[in-house]
Structures are given as C-alpha cells and as structure tokens.
Amino acid sequence: MQAAIENENEMLLQVDDLKVDYQMEGAVGRAVDGVSFALRKGECIGLVGESGSGKSTIAKAILKLLPSNGALAGGRVILKGRDISHFTEEEMDAIRWAEISLVPQSAMNALNPVQRISSQMVETFLAHQAKADSRKTLLDKCQQLFEMVGLSRNRIFDYPHQFSGGMRQRATIAMAIALEPSVVIADEPTTALDVIMQAQIINLLKSLSEDKGVSIILITHDISIVAQICQRVGVMYAGRLVESGDILKVFNNPFHPYTMGLKAAFPTIKELKKTLISIPGSPPLLTKRLEGCCFSDRCPFSIEQCQRVIPHTVTIREDHYVACHRIEYAERFRKEIIDIFGTRVRGQS
Amino acid sequence: MERRYIASRIAQTIITLYAVLTLMWVLFRLVPGDPTAMFLSGRLSPEDVEAIRKLWGLDQPLHVQYFKYMKNLSMGDLGISFSYREPVLKVMLPALFNTLILMIPSILMAIVVGTLMGTNLGWKRGSARERIGVVLSLFVRSFPVFLTGIIVLMIFVHLLGWFPLGGMRTIGAFGLSWWERFLDVSHHLALPFGVAFLYYVGDVVVISRTSMLEMIGEEFLQFAKARGLSDKKVKKIAMRNAIIPVITYSTILIGFAFGGQVLLEVVFAWPGVGRLMVNSVQIHDYPVAQAAFFLMATAVIIANLLVDFSYGYLDPRISIQKR
Amino acid sequence: MGVWKRNLKLILHNPMGMFGVATLSTFALLAIFAPLIMPYDPMKCQYIDGELARLQPPSMHFLLGTTHFGRDVLSQVIIGSRVALIVGSLAAIFLTFIGTNIGLVAGYCGGRVDSLLMRLTDIAFGIPFIPFAFLLIALVGPSIWNIIIVISFLMWRTTARVIRSQVLSLKERPFITAAKVSGASHLRIMYVHILPNVLPMSFLYIALGIAWSTLSEASLSFLGIGDPRMISWGQMLYYAFITGSARTAWWYVLPPGICIALFVISAFMVGQAYEEVVNPRLRKRNS
Amino acid sequence: MRKGTIFFGVALAWGFILAFVLGLVMPTAAQGKEPVVLKAWALTYPEPVEIWRVLSDDLRELGIQVKLRNGSIGEWVGDIIRKENPYHLVTMTWSGSPERIEPSWFLTEFFHSSRIERGRNYGNYVSKKFDALMKTQLREMDPEKRKQLLWKAQEIINRDNAFFPIYHHDMIQAYNCDRIEGVIPTMGSCIGWPYNPWTFFRARPKGKIREPRVVNRKDLMSTNPFAAQEAQTMGWMRLIYDTFAKRDKDSKLIPWAAESWNIVDDTTVDIVLRDGMRFHDGKLVTVEDAKFTFDYIMKWKFPMFSADWRNIEHVEIRDGRTLRFKLKSPYAPFVANILLNTFIIPKHIWKDIPSSVGVANPMDWPNPTPIGSGPYQLVEWKKKEYFHLKANKNHFIKPNFDGLYYLVVPTTEGMIAMLEKQQAEIYGFALDAVQANKLDALPYLKTVRVPNHSITEIRPNFKMRPTSDPSFRRAFQYAINRKGLLDIVYQGQGVVAHNTPIIPINKPWSNPNVPSIKFDLGKATQILKEAGYTWDSKGRLCYP
Amino acid sequence: MIEVKDLQKSFAVKETFFSAFTSLLKKKEKRIRAVNGISFSIHAGEIMGVAGESGCGKTTTAMLLLGLYRPSGGKVLFEGMDISSLKGTELRYFRRKAQLIFQDPYESLNPRFTVYRTIEEPLIVNRLRRKSERREKIMKAMEKAKLMPLEAFCDKYPHELSGGERQRVCIARAIVLEPVLLIADEATSMLDVSIRAGILEIIKELTEEMKMATLYISHDMSLLGSICDKIGIMYAGEIVEIGRSEDIIQSPLHPYTRALIEAVPVPEFRRAKLKLKAIAGEPPDLVNLPRGCSFRLRCERAIKACRTSRPKLFEVKQGHFVACHQVGD
C-alpha cells in the first residue's frame, strides 16, 4: 500500500504494510494484514473498527508489545525516519513512552494495584532519565501533570483502587504525556466509561491535541468519538484497512460498503428518526485465509471477483484511499445499503 | 474500620483456637487405650493402677476434667506429663526449640529460594529451562519426605560417611566449646535441613510459578512495559504482585511443615516436638500430646492471622472484608 | 460431553499430562492384573534350600531381592500399587466430594453459613495433618478404609476454599441471575447451574487429591499405622527402615520409593496439565 | 435465613444419600451355617504383624478367616484389660523383666481368676483347681514342695490349653572385645540391661577406656526411685541404690545389702544388714535407714511398690544389724519379690520429703542428685543425651570400671553405627539376629546371645465361641508353626515355647513334662472334624 | 401493566463481627441509598428507557422490578399485585412473566449449556413437563429471536457463537416463557455497532408483538432516543425527569438531562471541532447524600432553594415530569 508517503519531513510515524500473525491452537491467524498509514506532527488520526478488527494489535505492534504468541510478519514502522520494527528490546525501551506512549483501554487494569500512582509515575521518569532529577522535583512534575488533566495534586499519593474510573483514565493520560512523547496512542480510552466521563476524557484528549500539539492515534469502535477529535481516519475490518484518509472525505462520502454500513449503524441524538442499519453475519475467523475481500461474506454488493481477488487500495482523491473492487458504484450503494439493511427501529408514528 | 477489623479477626482467632483445643481434648479422651498402659504392661496390679489413675485425676467425671484443664490452661499451666512426671512445658520447650531450629531456616529458605525460582520459571514461560524446572519441582514435591530422608541417609551417611546418622549432636562428645558445639549441631542439621528444604520448596516453586503465570497476562505489566521500564523492572513489579498467593500459602506451609516434620524427625532421630508428640500419643501421655497439638495448631492459626494482617500492607486493594 | 472430550485431548496434548496419564494407567493395569504378574505370593516367606531367603539382593530368583522377612520385593511392589490406587482414587474422590459441597454451599449461601464453614476450614487448615491423622487412626484403628476416611476427612480444606472462591465469582455472573429470574430454586441453581461450572476445578482437585492421599497414606504407613493386612509402598519403607534394612538393602528401599514418587508425580503432572486447561489464565495467550 | 435452611437441607440430604449407599454396600449376613471368623488383636509392631501374616496363611488352610486389628499398648490396656475383651485371640509379648523370673508371676497373672477383672487374665480362664494350687504355693515356704505345686498348676494349663505360647526369643547384645573383657551375660538382662547387671560389676576394662560407653535407646525417666515407672529406669535406680537381695548370673537369689535372711516362721523373716556400707555422701548405712525405707514405702503406698509390700504388717529393729519382718500371711516369694526390689534410701535425706520441698507426694520430687549406697553414683544427667555414672569404689562389689556413660541414641541404626565406629563399647538394647550377624563380622565386636524368659503368646478368649471350645483350642495349638515363626521373626534365635509360660531353662520351676506342640495342620483338621466342625462349599470352616 | 410507586432500596454497609455490636450502641446505621423513591409505570407494548450515569440506581431498579431485591419502601405493582407479597403459585406466575436481558451476552449464558438447553431451562424450572411441548415453545422463541436456521444453533455452546448470536439466545431465553415484563440492561452496549440495530429491532418488534412492557436501561441517550417511547432520567437514586422520548431529547428541562444529552458525541464530521459540554465532578456518595437537590453540587444554575429543599417531580406538560427548582418557577 503506497498510502501517504508524502512529505517525509512532516511525517512523525509511518506504518508501512504492517502484518501481524498470531499463533493460535495449531493454526496461524493474521490479525493485521498489510496496514499502512501515516501520522503527521500535531495530527490526530483515528482507527475505527469493530472488535477483532486488529486495531489494538496495531498499537501493540507499534510499541512491540505483542504477546508471546504474536509476531510481526512483515512491514515497517518508521518513527521520525528510523525503522523501529527491528529494534532490540533495549532500544525499544528507550523509544517506548519517551517517543510513543499509550493510554490504555482499561485504566483499572493498567495500573499496578499495589503501588501508589506517584511511585508508578516517578518510576517512569527514572526509567528514561540517565541523570535522574531528585525525587522531589519529579513528584512536583507529576503533580503539575495531575493538575493539567484536572486532578487534584495531592491525590497523586493514592492507590489506583481509590480512584473512580474517570479519574484513573485521567491519571493514565497524565502519565502518557509525562515525557512529552511525539506520539500518544489512545487505545479505546473511553469504552469503560459512561457518557459524562467519556465527554470529559474526549475533551481532555482534544485539548491535548489542539492546545499542546500532541500527535494522537485514537483507537476506537465509535465513529462519533473520532468525529469529535480526529482529522484523519482509518477504517479497519478483519485486520485490513478498508478505507482511510481525511475524516470528512471518508465519512461524508464513503466508498467502501463497510464504511457506509458503519456510518449508518450509529444512532445520533440529533436525528431520532434516522433509520439504523444492521449488517448480518460476523467477521471472518482470524485463522481463515482470505482469498478475496475481507468483507465479501457480509457485503450485499459483493460479486464473484470480490470472493476471489484481494482488492488493491486505490486513491480516490487526495487523502482518501479505499480497498474495494466496486468503487465506481459507491454512489448507488450509499443509498441502497439503507434500503437493504435498514431496520425499523424508529419506525412508529 | 481497620482497628475494628483487627479486633474482630483476633476474636475469631481466639474462638477458633478454643474450638481446636476442645476438639483435641475430646479426641484425646476418645482415643482407645489408657494412659496407665505402661504400668499394666509392667508389674503393677489393677488396684495399683487405679491408685495411679486417681493420682492423675483420671477418675473424675469428664466434664470436671475438662473444666479443670481449661482452667489450668488459662493460667498457662498445661498440666503434668504422665510419663515424665514433669510440667508439660518443661518437657516440651526443649523439643520445640529443636523443632524450630530445623523448621525456621528450612521454611524461610524454601520460601525465598522457591519464590525466586518459581517466579523466574513463570517469567520464562515456554522455555526449556522452565519445563525442566517445573518437572524438577514436581519431582521434588512427589518424594515423601521420609523417602528422601532414607535415600539421603543411604548415600551420605552409610555410603559416603560425610554426615552423622541422626540426632542433633554427637552423643558422647563431652566438654566442647560453644563454637565446636555449634559446628557439631550444624553438621547434624545439614542433612535434615536439606531434606526439609527440598520437601517444602517444591510447592512454593509451583505456586509462585502459577501466580507469576497469572500475572503475565495482566495489563498493568504490559502497561509498565509500554512505559519503557526494562524487563528487569517489569519482572520486579510482577513478582511483587505474584508474591501474595505465596504468602497465603506460607501459612499452609507451616501446618504442612509440622506434619512433615514428624516424619523427618523420625527418620533423622531429631529430638523435636513431632517425635515427642507421636511418642506421647503412643504411650497415651495426654497432657504432652495435647499440648504439642495445641502448639502446632496455634502456630498455624496465628500465622494465618498475621498473614491476614499483612495483606493490608501487601495488597492495598484488600480493604478488610474477606479473602 | 464435548467439553470433557476436549479437555482430555488438551491434557494428552501436554507432554506432562500424557506422561502422567500413561504412568497412572500402567499402575492401574499393574494393580488389576497383579495376581497374574507377581512372581510370588507377596505375603509368603520364601526359602532357598530350606533357609529363609532374608534380604537377598536382586538375582534371577528374586528380580528385586527379598525383604527382611524373606518376601519377594517385586511382588510386594506390584501388589502395593493396589493400595496406592485404592487409597489414591477413593480418598481423592471423597475429599473432592466433601470439599466441593462445602465450597458450593459456603460460597452460594454466604453470610453466616459461609463464615461458619470457612471457620471450619480454617480449623482444618490449622490442624497439622500427619499428627492428627496419626491420632485419628489411633482412634479408629489402622485399616485401609480408615486411612481413606481420615485422609478425606482432613484434606477437603483446599478444595473447599478454591471451589468457594470460584462459586463466589460464578454466583455474581449474570447467568445465575437469569436462572433466578426464571424462578429456579436455590438448590437448582447450586447443583444445576453452578456445579457443572466448578466441576472442572473439582476434577483438578481429584488429580491433586490422588497425589496428596497417596503421599499421606505412605506417610502414615511409614509411621507404622498402615493397614497391616495389606502391603503398601509406604509400609514396605517402614519395614525397611525399622528393621534397619534401609541401610544397605537398596533394593528394598528404591523400588517402593520410586513407585511412590512416580505415582505421585504422575498425578501431579496430570493436575498440572489439567490446571492449564481449567485455568485459562495459565494457558498461552491466544489473542 | 432461607439460605441457612438450605445448608442444613443439603447436609441432611447428603447424609441420607451416604447412609443409603453404605446400607447397600454393607455385606448382608451369610446364610446357612455360620463360618468361623476369628477376631484377633496384636500390637502395631512388625513382629506381631509378621506372626499374624504367617498364622493367617496357615489358618486359611484350615478354612478359618482372621480379622486382625492392630493397636497400641494403650489400646490393649484400654480395650482389652480395662474393658470386656472383645477379641477371640490376643497376641502379646511379655518382656523379661526381673520380677518375672519368679515362677508364679506369669501363672498368676495370666490364669488366676482374680486377674480377670481389669487384670491380665483377659482370656477369662477360670479353674478352681488351678486357683487353689496357686494359693497354696504362695504360702509354701519349702522350695521343693512349692515346685511340685507349680508343676501341677502348669499341667492344668497344658491340659486346658489355656493359652498358646509361641516362643521365648533370645536377647542379643554386643560389646567391644578389644576394650572390655569378662562380660557376664545373665538371663533376661544379657550384658547391657540394668536389670541384672553383672557385667557392670565384674567386667574389666581392657586398654585405656576405663569408663565404657553404653548405648541405649531409652533415657532415664526420673531420678526419683519411687517415681521410676518403667523397668529400665528402675534398673538404673538399683545401680545407684542397693537392694537387699540380688540374683546372681544364674538367676539364683543371693544376699546383697542383706548379708543373710532367715525365715523364722511362716510369717516372720529376719534379715541381717551387711556391715560397713556407706551412702555416696559418706554416711554409714544403718538399720535405721533400712527400716525407714520400708516404713516410707508403706506410708506412701507408692504404686510401684504394690500389693506385695502391703502384706508386711510391720518392720522392727532387732539389733544394730537385724531387721524383723512380720507378715500378714505366709508369702513364699518374699525374698524374690520384696527383698530383691526394695532398696535402701538414706533417712537423713528423705525424712522430711515431701513437706520440705513443697510437693504433695514424694513421687513429685525430682530428687536431682540421687544419693544411694549402690555400686554406681549418678554424677551427670543431660536429658535425652546421656547420663554419667561413676563407680563407687567403696562398694563391696568393687566395680572394675571407673564409671559408665549411658548414651541415649534414638535409633537402632544409630546405636549400631556408634558401636561400629567404636564410639561406644556396649550395646545396651535389643539387637536382632541380622544386625547381630553384621556386627559379629567386625573383629573388635562380639555379640552375646542369652535366653530370655520373656514370652510371646496368644490368649484365647474363654467367653467367646469358638475359643471357648476345648477341641478348637487344641486344634489351634497344632496350627501354630512355632519353629517357623521363630525362624522368620527372630532368625531362629530363641526357644520354642513349651505349653507353659515358664521358659524351660528356668529350672526347677518349669515343668519338663509339659510338651511343646508341633505344627501339624492335618492333626488340627482331624481334631476339628472329630469335634463336629464342617467345611462349606467355599472351604470355610463352620461351627458344628 | 407494571407500576412502581415510591420505590426505595437501601443496602447496609457491610457489617463486621464487631460493628454488629457497635451498631447496637449507635442507633444510626450507615446505608447506601441506591434507589430513593421513584415512581413510574410501563404499559403493554411500550418501551421505557432509563438513563443515568453508572451508580445512579438503574440496575438496582431493574432488580427491584424483577423481585430479586426486597424493596425498603414503596412497592412494585404487577398486574395489580404487589410483587413483594407474592407467594406460591402467584410468585411462580410472576417469575415466569418478568424476564431480563443482560449487558454482557457471554457472561449471561451458562458456558456448560447448549443453546437449546439454555432456552429450555426456564421451561423446566417452570415445570413444563412434556418434551414435545417444550420443543415447540423453544423453536418458536428461537424463531422470534431470529436464531435461524434453528438446527444450526441448537447444539452449540456459547463460546461457539458470535456476540450478536449470543444476545439473541438471551432474548430467546427471556421470551420463551412469554413474559409480560422485559427488562434489558444495557443490552447492546457490548455488541459491535454493525449488529446493534438488529438486536434493538428484535426487542422493539417483540415488545409490540407480544404486548410486553419493556424497560431499557442505558446511559446512551442517542440509543434510548431511537427506540424508546418514554424515557426516565435517574440521578443518585431518583428520577429527575420523565416523559415521552421526543420531549426529553428535544426539549430537556432538567440540567442533568441536558448534560447527558450534550455529552453524547455526534457522528457529524466537520473541520472545526466543537468541545463537548461535559459537566465536571462525580455523582454524590450514596451513603451521605447532600441535603436539598442531590444534583446541586454539579449544577451550574443552582440557587438557594436547591440547597435547602429537595425538588419534587411535577408535571410540566402532559406526560412530562421534572424535578427541578429552576423549571416552572
């Protein structure tokens, strides 16, 4: 995929044809299959997709934190011009957090339950400083970070379990920006939270990106969150990037049937009468070797070719890339998909 | 809340101890046989034996005996040994001391070494070293302690002659300086200590490995890794968390140790409380046997209590309630 | 049931599990066909030229030598597998049965019943096993049944704790609420909905129980309170030790010793393999 | 609340289920003729277990099934002696403690009807004729006449098959012949037991070691001679305290602290105290001390000084050396039981005990430094390790050793090893033949095998079927392979028992006319058949 | 169909051995007031939504409605009967007629039961003895829950199914007894977006078809708005606003309702990003509820009255109730 290898200087992080394999009971499953995208400085890019689409695996692959049964099967990860995909563990230790940090999905489980937040933060600092500051200055720094994310400074000495879900997520965000990394990967940062907490976190991330100029890769299944924060987006399905590019282009004029479906499946509070759609079936098993388009089993418009040939990613226009055999019919599909799959959820009256 | 919890746990412990004590007392009265056995097998006539029973208070109704025992116990009096005609404490303390000499170092070392080994094995999941380590620790655990003892005796004592056969010190070596005596006891201690260590360490390894394996999937470790902490540091965090089940197990280990110790003391003729107890049960010296039992149970239950308290420190999540 | 078949397959896939299952079944075959395999009557004293064949080293006559009282070691080792098997399996089943029920009731009922049963478990943990078993055997007399009963009477504690904690987490699971909502009685929830879910754990404790109870039987026999009418490995070692034969007669010590260790380690290995099946956190991560 | 009921419900339900299953599993009563099933009891030691393994095999050939229960000595006392004996057969080995050389001991204790209730006659044997004989012999002060009476009593036991004696096993001990010479083995005590310790009186050191070390499994239990409870400690106490009489190496009674005794009439005995004896603290042993001892025993009624002493009416001082005993009734074993076992305690030490040391009973006083007049003096006791006896060179026996070290080694293995490594000179515990053979192979060690008047026997219960049946008992006698058992259990080291509790070499008391019964299953079968017993289809012996 | 009147539920703070004694001395007992006097009713064929943050008492309300908790005050009327006084056959009838669908479709299925067995279980429990009859009902329920083809599912275990299929099994299990009251607790929040609508549609369809009264619990206002006839907003155990869903979404009156709606991100794609309106703070501690309006600490427009008196629900217009001092005055 020749995606977005444009202005090299502007590029912070480039993921090029990334492939990740998992060793499953007896079989090999490809969780990520040739994904490419790029992140510019100060930009926020969203990766959307349903569970099992491989979006979290990408985060792990970038940080080289794949579990023992997972392995990079190909591709490159270029950070500021350096290919970090074959860095050693020690080299990666220096990259992690200092260059790329992570806001995890479940802050509850991500924090060490038996250690105070303060010492977890200090420990992070210490791991990256050759000549360490005194503990006091570090603590002071941590407290400033806490204030920045809207937590009171003295709660830094609490244990994780003494925090509510939202506060924990703030704490992890504070940790994530502690070393002023070039890239922050936020992996489903709001899934475990309720609406109001979610809104608080979204606002926090947004202000980080806009005010502090932090580059963010936001991984989520919720396109409305992407809509709030991101400038660019990648839509993933079954380990492949089916459509990507500028968020307005991708979602206002989707070319891939899956993107169309995803968009139409979301209810919106602004439009109660909107007809929601539901796509029958479920994503293919990881272990299944795909001959053709990954969405062909569920796609209402699939033709024989779709089952057989893997579609190339094509550039529709500037910063809009799609992998579909039938882009020329996109206009028609956008209408038809609602007729075909639209359900009667808001049918009465 | 904290103080209240501690108070309630202590109250529970006391009740448990009391229950154990009563259970022991009842059981000892139920055991067939008679403490005057050694007389009847000897020369005494039945009338004389009755006189002895009276002397020992065995002719009184059971409830009277029970209340008397409890009353004396509450004043720290464990009674008088039937066979030694001496206060039980005086008979037991030296034996207890000997037992502890053997038990404490071996348990401590088993816990320390076992935890280190087990967590390392868990961390190195899937490696050849791990597989060998697991099989080895299972292997060690599968040997009944007396068997290891016999084999060790066969090799190191009878075949090679490196160590003394048993007991705690060289019998018949008189007038040694304290240093020589220390060396002598250490020399005697070496084999039983080694065997005890092997016996205890297997379980610790297996448990700490399992708990480490359970740790490996934990997100906070991945997150720690993501924070750029070195493998060594991450492992340390994992160990810190994995150690909690090991601490729980260590109380069980103490009970277990007292049990295993009996066999060990028999094989190595170690003059400890286990052998004393088995002997006392055999000759129906109730006061001694009962006190020995009570002592063991107390040790385990108190250890349990201490571990419960230490949880607060080890795991801040545990806010009091239940395990 | 599909699940069980799958579990068995997983165990056999594990080299440790396979080794364990293979060894245990070999011992089972030995025990069943003992009368056919044994070269001599294990209880009969053997004579050579009218002389009691006392402590003979291994020879063509006696493949593993003879005991202090002139009996064939090999035959005793073979017949000893019966005790190991009977005690191991029965005590394991009993203790798991008791432990599972106590854990189930304590975990499900909660409240006062729970704390009562858990205090009981604490007490059971507080009692040093071997001395207490020694006392109980003194109470009821040494016989294989009494040993089985005593072992299962004392060893249920671990199972009960583990099962209880499982039940505690299971009973919070929504499917239990679903069962409640549809009107299922407490008993039905306990035995129809929860029990099948803790059974794998119980089975694990049967495997471990086999190891524990075999070790316990050997230990009790070694203290001289084994069933005098039967020959067990622990008892052989007791005789070897108490008659002083253990000093030189390695052929009297090693065969029963190795058998105990092998039997126990096999049970442990099956347990270990099974634990990885039952406890998904121990399995290698799949995704 | 409701959950509480569930709990009890579940418990109850499981209880019912269990009871039901057990009910199904329980064997249902056999139909038709009742087969003979014997309940037997034996100690949980290898030897009795071994006996029953062999015996069960032989009995199986007769179609008799045995249900064996093993237990501790305490259980034997609790279940068999103190309660109604519920077993058909009880196996016991009676050790050869010194008082059992006295011929009437076994006979009275085993078979006298007065010993049924809580006594050692738990076979419930009753014979008026036997009782009468035992009563007469006790009063018969003439040894020859007494012998006749005892022989007659043994004949009755033999005729009734009142018990099944098996063997008297030898006592085997060892010593270092490079370092000690002139050991004197005695019956029942061999060379190392303190029961009848002529070795410690007469053996000589050979070489440098003048204080030989004796290994023993047992430790001294107490240094209070009145509290000493088991035979070993009592023996040691009698090394420190002199008794009035002793047995010589042939078990004949000889004077000791008493120079002589004179039976004045049936109930009066005079003894003359040996001259010039001194306690370890240098004070002279006087007749006062002797009288004090007897008075003290009679006053405090120590359990270990039992009925025999209570037969003494009073003791009086005749002159500076003579003491006169007045008995309540004639008592033939006066010397053997009383003079042999009573030791002299110093009056100046004991006269205010227990009041001066603040205990209720003299038995509770530890007596830390025992002062006696015996050939040895206790100088050091380290519990569970060793105790050191120093020879009392002023004693009339003049021991050749300078002293003795008793080392407490908890295992047989350990004791053997110490002898092998020459860390000890005398093996003071029981060895078995296999171990003895090994030790014999070493040039510097010698083993000594001495017959022992101990006895291993099986007691039939006269209150239970079929052991109450004389024919069955007679048949049973033939089913015991005495020689075989002795070979297996003790490598043939011992004597097959004749049909009497008294070992044949205990002359003249053992009746030579009482036979030893040979193993003969055919004969047994024949006797059973004649008595009307039958065998069912499975070959089980059934009651007539 | 189902009517809730001044329903209350509080839980005692966990007692320890000694606190049992101390609580005898100190009369005041600490209680978590999870539900604090709520009233509403749901009619046949109607879906009512309940929204609120986590910990606002939504799930407790569901449990109360199902009779799994005993109310501390007020009552739940089911077809005119107070469910806490039901016994014997009536109780069994109620159990059959009130059913529940959970958030997590995997956790809510017994992993040891096949699909068929799962759906059959309520029938067995409710003593439907004839096998053929059971089979018929199961097939019908599966059909209604769109588990087709039937044979493909019957013998499958939960782990062999996808999330949507699992949730449909849950639905089938719930409707096999032909319930009158159906409670769906966040029934789609764990599902993939592409199949959510399908599940919602089934619930909607069944509610109409089987004339059930359905209670749908969620914190997602956009979702509630799209399927519910009526929405109640809960805060700290109280209903602060209730009304027809159009009214609630389009003209919310209570500041909390407004906050909930404004916090929902909208899938509208613009270049210039707008900040979401997110109120600060956390819900109050249910043990020590503040005096007056429980929302006042987070409310921008709190006035004096809010501090002193607890606002009561009052009808603003037909079928639209709100509890706020600022509204209507």
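Student: Let's start inside chain D: are D:R146 and D:E102 buried or exposed?

Tutor: Ground rules: this is a predicted model, where local features need pLDDT of at least 70, side-chain atom pairs count only at pLDDT 80 or more, and totals for chains, interfaces and linings use all residues. Residues are numbered from 1 along each chain as its sequence is written, chains are lettered from A and ligands numbered from 1 in the order in which they are written, and side-chain values use heavy atoms, leaving out hydrogens and water. On relative accessible area (1.4 Å probe, protein chains only), under 20% is buried, over 50% is exposed, and in between is partly exposed. By that scale D:R146 and D:E102 are both buried.

Student: How far apart are the closest N and O atoms of D:R146 and D:E102?

Tutor: D:R146 sits in helix α6 (residues 143–160) of chain D, while D:E102 is in the loop between β3 (89–94) and α4 (104–111), 44 residues away. Helices (H or I, at least four residues) and strands (E, at least two) are DSSP runs, numbered from the N terminus. The two side chains form a salt bridge (a Lys or Arg side-chain nitrogen within 4 Å of an Asp or Glu carboxyl oxygen), and its closest N and O atoms are separated by 3.2 Å.

Student: And D:K393 with D:D402, what's the N to O distance there?

Tutor: D:K393 counts as partly exposed because its relative accessibility is 42%. D:D402 also falls in the partly exposed class, at 28%. Their side chains meet in a salt bridge with an N to O distance of 3.4 Å.

Student: In chain E, which helix holds both E:E121 and E:R117?

Tutor: These two form a salt bridge whose closest N and O atoms are 2.7 Å apart. E:E121 is buried at 3%, whereas E:R117 is partly exposed at 24%. They are about one helical turn apart because four residues separate them along helix α4 (residues 115–125) of chain E.

Student: How many salt bridges cross the interface of chain E and chain A?

Tutor: Over all chains the rule gives 63 salt bridges. Polar contacts do turn up between chain E and chain A, with nine residue pairs, both partners at pLDDT 80 or more. A polar contact is a pair of N or O atoms within 3.5 Å; within protein, one must be able to donate a hydrogen and the other to accept it, and residues adjacent in sequence count only if both atoms are side-chain atoms. For salt bridges across this interface, the count is zero.

Student: What area is buried between chain E and chain A?

Tutor: Of the eight pairs of chains that touch, A and E have the most contacts, contact meaning heavy atoms within 4.5 Å. Chain E brings 50 residues and chain A brings 53. Buried area is the accessible area (1.4 Å probe) that two parts lose on being put together, summed over both. Carbon and sulfur atoms give 60% of the total here, which is about 4,500 Å².

Student: Which helix gives the largest share of the side of chain E that touches chain A?

Tutor: Four helices of chain E, α8 (193–209), α9 (221–227), α10 (245–250) and α11 (255–263), each supply at least two residues of that side. One of them is mostly covered, with 14 of its 17 residues buried. The largest share, 11 residues, comes from α8(E).

Student: How far apart are the end C-alpha atoms of α8(E)?

Tutor: The expected span is 1.5 Å times one less than the number of residues. For the 17 residues of α8(E) that rule gives 24 Å, so the model agrees with it: the end C-alpha atoms are separated by 25 Å.

Student: Which side chains make polar contacts of 3.0 Å with the side chain of E:E53?

Tutor: E:E53 lies in the loop between β3 (46–51) and α2 (58–65) of chain E and is buried at 3% relative accessibility. Beyond its neighbours within four places in sequence, E:E53 touches residues including A:D194, A:I196 and A:M197. The side chains that make those polar contacts include E:Y256 and E:R298.
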